[in-house]
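Below are my notes on the model, as numbered points. Please read them alongside the sequence and the coordinates.

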Amino acid sequence: MLNNSICIVMGYSKGDYYDEYTAGVIRLANELGYTTVTYSMVMASKTKNDIERRIYDVVDFSKFKGIVLSVKSFYDNKNLVVEVEKRIKESSVPYVVIGATCFKELKDKSFSFKDADRFEAVTDHVIESHCCRDIHCLGGVAGDNNARVEGFVSSMKRHGLRVSNKNLLYGGNWTDCAKKYVKDIIFGNIEMPQAVVCIYDRIAAALVTEFFKNGIKVPDDIIVVGMDAESESFRSVFPITTSTISAVSLGERAMSYLHKQISGEEVETLHSDERVITGDSCGCGVKTGTISEIRRDIEKHEQYTLYEVYYQNSEFVEKLMRIGGYDDLPFILDNHTYLVPYMKTFTFSLVTGERKAECVFHSYFNYGKGRIIYDYTDILPPEAQSDDMVRNLFVLPVAFGEKFYGYITAGYHQAMMYNRFLQRFCRDISVAVDSLERVLTASQGVTVQTENPTVAAETATKESQTLTEQSGQPQTADTIYVKREGVLSRVNIENVLYFEALARKVYVALKSGSYEVKNTLADLEQQLSGYNFMRVSKSVLLNIDRVSGVRQDVDRSLIAVLVTKSEVRVSRKYADSFKLRMGLK
């Protein structure tokens, strides 16, 4: 698959304007006969994706026809961009960068589009199409949107209009800014202008609402416009006039730029394409094309709402948390891939060593116990490389906390961006794998410091066996994992009152209540032999350190009274050994 593929490197999908760059690249790449492989993190927060950045370690850029780096999608992870750019430069593969590059060497093959141009375009519309001369700019937080403010200033000066502190106003980026502005107009602190140009659509939408509340009609009394073509621009009292760049079109241009590098054709200069989307807030009204776009967005929202219901009712997370090992995972994944819309194929692989991955599950292949080991830079196992149904592949990390376990791949036939359902699917798998690894490690009674799950399990087994042989006693663990409300939590052994087997399940009794554990009672008895635990009945393993007293019941059987005042019956079979342990015999 990689022989004729374009590698797309992005930070993560936010489901907004910046994702459209990638969608445009994918669309034109497919039309030109390329397949695409997109590498992306899952989490937006920098504090949570430090380990997810290892997904870029599995990329071998030299295997691709060309590379597209979407700098704009990395947001707060600019330091990571420097590392990726360096590797791209060293690969000698044709590339293009969307966004401002950190490397001077890459600037000749990069492009970005200034907010100033877009904001200037919407200001021009107010001046030229509506003959407004008295215009205010709500600039959000001072210093945060300098580029947009520059666009407003440029447009005003170009049309011979003055700009001062009287018409360049600042506040917050949310509704408070709009409320304060309208209040100042009502109380005469600010003279109402002919038009207001807002730094964001959300401010414009809030401003329209506040004007209506106070009897000021938009656009009859005042014109309001926004910026970014956000959803708020279409969900206001009526559609807001706004400005944007066709990000999909720009992504296609980036791909055209890259294709010409690959094919040896002359490279054309790329330029921006500002677009004003008119609405009722300026009086122009919504154009037919825009209405169809809104309808399409509404239909997409309704479909996603339906998939949200599917996900909630599937109990996917609950099923994942009940798996006892990796052999249980393929069946669950195979029956729940429908939760991700439009996905044709799905793969989950563990990274098992240097350049090695083990395919745990592929939607078209059932490896069972004979799972395939392959070079992880190939992304897919050999059998899946020739799948004609997949033209676009997305690669996301399976990582949680401080551990990177592997990655998932999602294959699509049509040109599209992956959505929040795949992000959620991947995140749920990551949490389940992390919990499974912790349980497997805890059951060995050894803490293993490794980032690889397979190596962790093998190391834990070897170390446990070695220690057992040296000491002649089973190894003990300081903690045990319990299941609380579907989440595995770690509990100190010394806090355990007793373990009890009920209805083929084992529960641990704590002061806070009773919770399920994965271990069998026999396994627990062996693991905790180094602690003061003993069997007091066929179904109960008691922590002697938590016994505060002993009393005799009417049938002369012994009752252990615990520090919580709860009681545990000691069966006659274990009565003598219990008395010896308690010093009563």
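1. Ala 206 touches Thr 175 and Ala 178, leaving aside residues up to four places away in sequence; contact here means heavy atoms within 4.5 Å. Ala 206 sits in helix α6 (residues 201-213). Its relative accessibility is 10%, so Ala 206 counts as buried. Buried means under 20% relative accessible area, exposed over 50%, and partly exposed in between, with a 1.4 Å probe and protein chains only. Between the C-alpha atoms of Ala 206 and Lys 179, which are 27 residues apart along the chain, the separation is 7.7 Å.

2. On provenance: this is a predicted model, in which local features need pLDDT of at least 70 and side-chain atom pairs count only at pLDDT 80 or more, while totals for chains, interfaces and linings use all residues. Residues are numbered from 1 along each chain as its sequence is written, and side-chain values use heavy atoms, with hydrogens and water left out.

3. The chain has 14 helices and 26 strands. These are DSSP runs numbered from the N terminus: helices are H or I with at least four residues, strands are E with at least two. Of the 585 residues in the chain, 52% are buried. Among contacts between residues at least 6 apart in sequence, 63% join residues at least 24 apart.

4. Helix α1 (residues 19-31) packs against helix α7 (residues 247-263) at an angle of about 50°, the axes being 6 Å apart. That makes α1 oblique to α7; angles under 35 degrees count as roughly parallel, over 145 as roughly antiparallel, 65 to 115 as roughly perpendicular, and the rest as oblique. Axes are lines fitted to C-alpha atoms, for helices over the stretch in contact, and angles run from 0 to 180 degrees between N-to-C directions.

5. Which residues make the contact of α1 with α7? On α1 they include Tyr 21, Val 25 and Leu 28, and on α7 they include Val 248, Leu 250 and Met 255. The residues of this contact divide into 8 nonpolar, 3 polar and 3 charged. Ala, Val, Leu, Ile, Met, Phe, Trp, Tyr, Cys and Pro count as nonpolar, Asp, Glu, Lys and Arg as charged, and the others, Gly among them, as polar.

6. Strands β7-β6-β8-β9, in that order, form an open sheet of 4 strands with parallel pairing; two strands pair if DSSP finds at least two bridges between them. The edge strands β7 (168-169) and β9 (223-225) each pair on one side only. Strand β8 (residues 195-198) runs parallel to β9 and is joined to it by 3 bridges, with Val 225 in β9 as the bridge partner of Val 197. Helix α4 (residues 146-158) lies across β6 (135-138) and β7, at about 170° to β6.

7. A further open sheet has 3 strands in the order β24-β25-β26, with antiparallel pairing. Its twist averages 25° from one strand to the next. Strand β25 (residues 558-562) pairs with β26 over 4 bridges. The bridge partner of Ala 560 in β26 is Val 568, and Val 561 stands opposite Glu 567. In the hairpin of β25 and β26, with 4 residues between the strands, Lys 565 takes a positive phi near 75°.
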